[in-house]
Each structure stands twice: as structure tokens, then as C-alpha cells.
Amino acid sequence: MKPIVDLRSDTVTQPTADMRNAMASAPLGDDVFGDDPSVNALQEKISALLGFEAALFVPTGTQSNLCAILSHCQRGDEYIVGQFAHCYRWEGGGAAVFGSVQPQPLQHQADGTLRLEDIEAAIKPDDAHFARTRLLALENTLGGKLLPFEYLQHATQLAKSKGLSTHLDGARLFNAATAQATVTGADVREEARRIAGCFDSVSVCLSKGLGAPVGSVLCGSRTFVASAHRIRKMAGGGMRQAGVLAAAGTYALDYHVDRLAQDHALARRLAEGLAEVPGLQMEAPQTNILFVDLVGSAKERSAELLQYLKTHGILATGLYRLRFVTHLDVDAVGIDRAIAAITGFLKA
Ligand SMILES: *Cc1c(COP(=O)(O)O)cnc(C)c1O
């Protein structure tokens with residue numbers, strides 16, 4: 001049996017042997033008392049890396065965004081956010097449910113940005129009719145797209161000039177930084193720090209392309225993180241000997257950042273391999289996510305295609321628009337198998 005090529009998400013990665021060793025030997029304490037040296041080490045590492053005063057280790061990216069929005073906003077406040085942003089569309093409406101914070105979703109432009117004019121027009125005047133607009137929340141990468149750095153500067157400057165706080169859902173911040181570094185020629189960590197530096201708070205997933213089994217980190221000022229820490233406790237996210245997980249995150253930051261470029265190269269290899277296949281349309285991937293639209297007579301065959309791929313040991317998701325995500329457990333041989341299987345199906 002050939003190994004499964006799982007392209008459903010970069011969340012499916014297994015911790016490597018070295019990562020497991022780092023977890024097994026991590027010094028532990030009770031993090032609710034602030035006593036876990038491995039949690040503290042991770043929080044210090046990421047805050048120093050991204051240029052913040054403090055950071056908080058949380059079980060998931062969803063909880064991280066919730067802690068961030070509820071720290072920036074009070075009941076009756078609102079946050080401006082993209083229609084397709086995770087912290088609006090994919091988190092069960094948590095900010096509204098748990099925090100009575102209303103989202104103000106805006107339509108994205110084709111490059112994933114929100115128009116500055118639209119942001120400005122959505123900021124409500126101080127009037128009893130309106131929710132108080134308090135926060136601009138952006139996401140980078142968004143659907144695998146890198147938001148232009150100058151856009152981030154302009155959007156966050158606009159928000160600040162209007163008295164809004166800014167939050168970045170940087171679940172894939174290091175993928176964004178990797179893509180940006182190929183353009184600027186600078187170091188990936190330096191780019192991550194530049195992107196993060198535009199925002200008051202940043203959330204980063206350790207459990208996606210970075211390959212840790214669990215966890216996200218939320219960075220911000222000391223006051224912000226103290227507030228997020230209180231909300232994390234309320235949300236049931238105060239974990240005890242969490243250093244066993246945090247150690248995986250530290251390992252990932254040390255050893256899995258520089259290899260993200262390989263994932264991006266594999267996504268490009270997949271796109272190039274599929275470029276001439278009839279019935280498929282796609283944009284060149286900027287990071288590790290490739291969306292492929294099924295068009296013409298192929299359009300109605302997406303479910304059938306996914307089933308066919310599954311019988312060939314290749315997993316993906318989507319309907320009409322398929323999503324393929326590369327990560328540390330996929331290699332060129334697997335990508336070439338995926339290309340061959342998709343081509344075989346559509347040419348049949
Ligand atoms: C995955 C993801 C999250 C949420 O992370 P979970 O750990 O799955 O809760 C948040 N934002 C973005 C952009 C994501 O891709």
C-alpha cells in the first residue's frame with residue numbers, strides 16, 4: 001500500500017520523532033499558577049520573535065481570536081472584519097455569543113484585502129443608534145493569499161487614526177512571511193516581525209504548517225495579554241502541565257519555519273502539473289494552499305473526483321472548488337501521484 005497523501009489541510013501533520021523527543025523531555029509545571037517553564041519559554045520566544053511585550057499559549061486559534069476580540073472590545077462594541085475571515089465566518093459567531101461583540105463584515109477584494117474606503121465608511125459615528133466600532137481584524141494569509149505589506153501598513157494606520165485597535169489573525173503568519181521574504185530577499189523571521197509590527201495583537205497557529213500537534217499563541221502588550229489571560233480562563237483554556245504541548249511549539253519555531261518554503265514549492269509543483277488539464281482553472285498559489293476550480297463538464301464531477309482520489313490514496317476537500325494544502329508530511333512523490341490521479345480522472 002502506498003502512503004496516503006493527505007492534502008485536506010496543513011493541520012493533519014504528525015509530530016516528528018524529534019518533536020516528540022522535545023515534548024517528552026520538556027520540563028513541566030502548573031501553568032495556571034504560571035509555573036510551567038516550557039510554556040513560559042514558548043511565550044517568551046514568540047513575543048521576542050514578533051516584537052511584542054508578552055504572549056499567551058492557547059489550545060486553539062479559535063480561542064486565541066476569541067480572547068483577542070474580547071480583550072479589544074466590550075459588550076456593544078463591534079469589530080470590522082472580512083466576510084471570509086476565520087474570526088467572522090468559521091468560529092461559530094463566538095465573539096457575538098460569548099462577548100456580545102457584533103461583527104461588521106466587509107466584502108473582500110480579489111487580492112483578499114478590504115478596501116480602505118469600505119473600512120472607513122463602516123466606522124460608525126459616536127451616536128446612540130450604533131455599536132461602537134473598536135477593532136479592525138485582518139487575516140494574513142487569507143485563503144492562502146499574502147496581503148501586500150503596504151496594504152497592511154495603510155489599513156492599520158487608518159484604523160489607528162480613527163481610534164480603533166488592530167488584530168491580525170496570523171494563523172499562517174509564517175507562510176505569509178515566507179512568501180514575502182521571497183520578494184524582499186529578507187529573512188523569514190524578519191518579515192514575520194515586520195508584518196506583526198503593524199498590529200496591536202497577533203495570533204499564530206502552531207498546529208498548521210509549523211507542524212505542532214496542538215496550540216496557538218496570542219501576542220500583544222502586557223496589559224492586553226493580562227486581559228486575554230483572564231478570558232482564556234473563562235473560556236476553559238487554562239491548562240495545567242501544558243508545557244508538554246508548548247515544547248512542540250518551541251521546537252516548531254526553531255526547526256519548522258525555514259522549511260515552509262518547501263511546502264510553497266510543492267503547491268506550485270501541483271499547480272504546474274495541473275495547468276494543462278482540461279476542466280481545471282486556478283491561480284498560481286502564493287503559499288501552501290492551491291484552489292482549483294472545476295469548470296465546464298468537470299464542474300458537476302467534484303464529489304466523484306474526490307471519491308476517485310480517495311481510492312487512489314489522495315485526500316482533498318471542496319465542492320466545485322477543490323482545496324489542496326501542502327505541509328510537512330507531503331513530498332514531491334506524493335504531489336506527482338496527486339497530479340497523475342487527477343489527470344487520469346479528468347482525461348477518462
Ligand atoms: C485554522 C485557523 C484558525 C483556527 O484555528 P483552530 O486551532 O482550528 O481553532 C483561525 N484562523 C485562521 C485563519 C485559521 O486558518
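The lining of the second largest cavity divides into 5 nonpolar, 2 polar and 2 charged residues. For that sorting, Ala, Val, Leu, Ile, Met, Phe, Trp, Tyr, Cys and Pro count as nonpolar, Asp, Glu, Lys and Arg as charged, and the others, Gly among them, as polar. The residues in question are Ala 171, Arg 172, Phe 174, Asn 175, Val 204, Cys 205, Lys 208, Gly 209 and Leu 210, and the space they line comes to about 40 Å³. Both α8 (173-184) and β7 (201-205) supply at least two residues of this lining. Helices (H or I, at least four residues) and strands (E, at least two) are DSSP runs, numbered from the N terminus.

Some ground rules before going on. This is a predicted model, in which local features need pLDDT of at least 70 and side-chain atom pairs count only at pLDDT 80 or more, while totals for chains, interfaces and linings use all residues. Residues are numbered from 1 along each chain as its sequence is written, and side-chain values use heavy atoms, with hydrogens and water left out.

What does a cavity mean here? On a 1 Å grid over the protein atoms alone, it is a set of points where a 1.4 Å probe fits but cannot get out; a pocket is an open set with protein on both sides within 12 Å along at least five of seven lines, and lining residues have an atom within 4 Å of a point. Grid points are joined across faces, edges and corners, and a volume is the space filled by probe spheres set on the points. The structure holds 2 cavities of 30 Å³ or more.

The largest cavity contains about 50 Å³ of space. Its lining is made up of Gly 82, Ala 85, His 108, Gly 112, Leu 114, Ala 137, Leu 138, Glu 139, Leu 142 and Leu 147. Strand β5 (residues 132-139) provides the largest share, 3 residues. By class, that lining has 6 nonpolar, 3 polar and 1 charged.

Now for the ligand. Around it sit Thr 60, Gly 61, Thr 62, Asn 65, His 86, Glu 91, Glu 139, Asp 169, Ala 171, Arg 172, Cys 205 and Lys 208, where being near takes a heavy atom within 4 Å. This shell splits into 2 nonpolar, 5 polar and 5 charged residues, and helix α3 (residues 61-72) gives the most to it, with 3 residues. Look next at the ligand's oxygen atoms: one is 2.9 Å from a polar backbone atom of Gly 61, and one lies 3.1 Å from a polar side-chain atom of Arg 172. Lys 208 brings an N or O atom of its side chain to 2.6 Å from a ligand oxygen. Taken alone, the ligand exposes 380 Å², and the protein buries 82% of that (accessible areas come from the Shrake-Rupley method with a 1.4 Å probe).

The largest pocket has about 1,000 Å³ of space. It is lined by 33 residues, and those nearest its centre are Leu 142, Gly 143, Gly 144, Phe 291 and Arg 323. Two or more lining residues come from each of α4 (86-89), β9 (280-282), β10 (289-294) and β13 (321-325), with β10 giving the most, 4 residues. Sorted by class, the pocket lining has 12 nonpolar, 11 polar and 10 charged residues.

Two spots in the backbone deserve a look. Most residues other than glycine have a negative phi, and most peptide bonds are trans. The bond from Asn 140 to Thr 141, however, is cis, with omega near 0°, and Thr 141 is found in the loop between β5 and α7 (149-161). Ser 100 has a positive phi, near 55°, and is found in the loop between α5 (94-99) and β4 (102-106).

Finally, zoom out. The protein has 14 helices and 13 strands. Its radius of gyration is 21 Å, close to the 20 Å that the globule rule gives for 348 residues, so the protein is as compact as a globular protein of that length. That radius is taken over C-alpha atoms, and the rule is 2.2 Å times the number of residues to the power 0.38.

Terms used. Polar contact = N/O pair within 3.5 Å; in protein donor to acceptor, adjacent residues only side chain to side chain.
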